Amino acid sequence: MSRELNGKRVLLTGATGGIGRAIAHVLSEAGARVALAARKEETLHQLAAKITGAVAIPTDITKPDDRRKLIEQAVSSLGGLDILINNAGIGSWGHFSTSSEDIVRQIMEVNFFGPIELTRLTVPHLMNGDQPCVVNVASMCGRKGMPAWPEYSASKFALIGMSEAWRGEFARFDIDVLTIVPGMTDSGFRDNWIRVDGKADLRFEKGMMPDDVATGIVKAIVTNRTETVLGSEARRLLRFNKFFPRLTNWLIARKVKELYR
């Protein structure tokens, strides 16, 4: 199936982040009508002003009242919904042994509970949509848990697991569920990290550009691709791990030991 985006009514969370902004622009260029959601109100309105027909709805997706108001305003403004893109996310870069319950809960609220409860509210509207789908932006950490990213990895694994369950359940509503698995991206994501004391040399400036990730995400929506891994680094790691999981784990563990001697 090929999904036509012209005229589609889209709700996008995490719209003010690097990837979110890029997705909003690519969708608009394809003729979609977009409701933009994010916590940074001023930045959100500035973004909406640059996109034809966009609607800015300041939202904290971890708050039930905000989620309800978001759906109500998006449906009212767009006349319904066809696509939900769960893109909002935060990270925490540091090891589990020095982390805390509070960090785990913050990560899970934004990266897992927020998106799934927002989806719960959106499904009744998507059931009346045109070629409806839910798009969950995960991470390569959601397919291979990584040191210093324990909470983030767990939240993205959970989101992918929920996506796979939804795929079977939502089929009876003719709602597609698509999973995006990006690798390292120079998107400004580090600005949302709760902690930054990991020791690995993370060279985000050598990662993918947000525009390339956004183009890949929108292409996946158009082609209705169930799961899309973006970035050569992510593809190499996940392919290697698939065929050589024990060796992958040994190499990663060796690197961690070197960093923490």
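This is a predicted model: local features need pLDDT of at least 70, side-chain atom pairs count only at pLDDT 80 or more; totals for chains, interfaces and linings use all residues.

Q: Which residues of helix H2 are buried?

A: An α-helix has 3.6 residues a turn, so residues three or four places apart point the same way. In H2, which spans residues 41-49, the buried residues are Leu44, Leu47 and Ala48. Viewed down the axis of H2, these buried residues fall within an arc of 100°, so they line one face of the helix.

Q: What covers the buried residues of H2, and which exposed residues sit on the face turned away from its buried side?

A: The cover includes helix H1 (18-29), along with strands E2 (33-38) and E3 (55-58). The face turned away carries Glu42 and Ala49, both exposed.

Q: Is Ser139 buried or exposed?

A: The cut-off for buried is under 20% relative accessible area. Ser139 has 7% relative accessibility and therefore counts as buried, although Ser139 lies in a loop, between strand E6 (133-137) and helix H5 (150-169).

Q: What does Ser139 touch?

A: Leaving aside residues up to four places away in sequence, Ser139 touches Tyr152, Lys156, Ile160, Ile180, Val181 and Pro182. A polar atom of the Ser139 side chain also lies 3.0 Å from the backbone nitrogen of Cys141.

Q: How many disulfides does the structure hold?

A: A disulfide calls for two cysteine sulfur atoms within 2.5 Å. The structure holds zero disulfides. As for burial, Cys133 is buried at 0% relative accessibility, and Cys141 is buried with a relative accessible area of 7%.

Technical notes: Residues are numbered from 1 along each chain as its sequence is written. Side-chain values use heavy atoms; hydrogens and water are left out. Helices (H or I, at least four residues) and strands (E, at least two) are DSSP runs, numbered from the N terminus. Buried means under 20% relative accessible area, exposed over 50%, partly exposed in between (1.4 Å probe, protein chains only). A polar contact is a pair of N or O atoms within 3.5 Å; within protein, one must be able to donate a hydrogen and the other to accept it, and residues adjacent in sequence count only if both atoms are side-chain atoms. Contact means heavy atoms within 4.5 Å. The arc is that of the directions from the helix axis to the C-beta atoms.
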